[in-house]
Amino acid sequence: MQKELRLSGSGGQGVITAAIIFAEAATACGMNVAQSQSYGPEARGGASRSEVIVSDGAIYHPHVEHPDIVLAMTQAAADKYAGDLDPEMGILIVDSELVPRVPQAAHVVSVPITTLAIEKVGKSLFANIVALGAITRVSGTVPLDAVKKAVTHRVPPHTVDANMQALMVGYEAAKMSSETN
């Protein structure tokens, strides 16, 4: 089994942190992992992308070329990366409020990620962890408990409860979204 994920958005949305947490959770489960990232020179607002390959075997090429899953937190990210998905099996996860024109994909999971972070957790700052919950549900690659443990280790201690809430909000929202698609 090998899964390739590309998390994309703009700087400040936390897609790199979400990818690192997912990679750490997979590593803790004994999987082989390659994680990379790229971002524009702007601290906030520039393009941001992070990739994760998770495998139970050797990873011979550490760069994602045809992801199984793409997370797009902005319209620009969706437009740029959705075309790389497998046309028959690829899954596109979009922030439905920030990606009004959803590109074609074999499977689309549309979740109001940022809105849920604000309404359910209190700040847009938690959107990346809401997205991580959705990715965890949709990918089926890493157990939720492993992701919870990785979140606990990665976030500031005073934010653990809010981040756990954000993770579960995204996890449940992805279930509801995939049932309606």
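Biologist: At what angle do H1 and H5 pack?
Modeller: This is a predicted model, in which local features need pLDDT of at least 70 and side-chain atom pairs count only at pLDDT 80 or more, while totals for chains, interfaces and linings use all residues. Residues are numbered from 1 along each chain as its sequence is written, and side-chain values use heavy atoms, with hydrogens and water left out. Helices are DSSP runs (H or I, at least four residues), numbered from the N terminus, and axes are lines fitted to C-alpha atoms, for helices over the stretch in contact, with angles from 0 to 180 degrees between N-to-C directions. The axes of H1 and H5 lie 8 Å apart, and the helices pack at an angle of about 125°.

Biologist: Which word describes the orientation of H1 to H5?
Modeller: Angles under 35 degrees count as roughly parallel, over 145 as roughly antiparallel, 65 to 115 as roughly perpendicular, and the rest as oblique. Because the angle between H1 and H5 is about 125°, H1 is to H5 oblique.

Biologist: Which residues of H5 make the contact with H1?
Modeller: Contact here means heavy atoms within 4.5 Å. From H1 come Thr17, Ile20, Ile21, Glu24 and Ala25, and from H5 come Ala146, Val147, Ala150, Val151 and Arg154.

Biologist: How many residues of the contact of H1 with H5 are charged?
Modeller: Ala, Val, Leu, Ile, Met, Phe, Trp, Tyr, Cys and Pro count as nonpolar, Asp, Glu, Lys and Arg as charged, and the others, Gly among them, as polar. By that division, the contact of H1 with H5 has seven nonpolar residues and one polar, and its charged residues number two.

Biologist: Is Ala150 buried or exposed?
Modeller: Ala150 has its place in helix H5 (residues 144-154), where Ala150 touches Ile21, Glu24 and Ala25, not counting residues up to four places away in sequence. Buried means under 20% relative accessible area, exposed over 50%, and partly exposed in between (1.4 Å probe, protein chains only). With a relative accessible area of 5%, Ala150 is therefore buried.

Biologist: How far apart are the C-alpha atoms of Ala150 and Ile20?
Modeller: Along the chain, Ala150 and Ile20 are 130 residues apart. In the model, their C-alpha atoms are separated by 9.1 Å.

Biologist: At what angle do the axes of H1 and H4 cross?
Modeller: H1 covers residues 15-28, and its axis and that of H4 come within 9 Å. The two helices are oblique to each other, because their axes cross at roughly 45°.

Biologist: Which residues of H4 make the contact with H1?
Modeller: On the H1 side, the contact is made by Val15, Thr17, Ala18, Ile21 and Phe22. On the H4 side, the contact is made by Asn128, Ile129, Leu132, Ile135, Thr136 and Ser139.

Biologist: What is the relative accessible area of Asn128?
Modeller: Asn128 lies in helix H4 (residues 127-139), and Asn128 touches Gln13, Gly14, Val15, Thr17 and Ala18, not counting residues up to four places away in sequence. Asn128 counts as buried because its relative accessible area is 9%.

Biologist: Which residues does Leu167 touch?
Modeller: Leu167 is found in helix H6 (residues 160-180), and Leu167 counts as buried because its relative accessibility is 0%. Leaving out residues up to four places away in sequence, Leu167 touches Ile129, Leu132, Gly133, Leu144, Val147, Lys148 and Val151.
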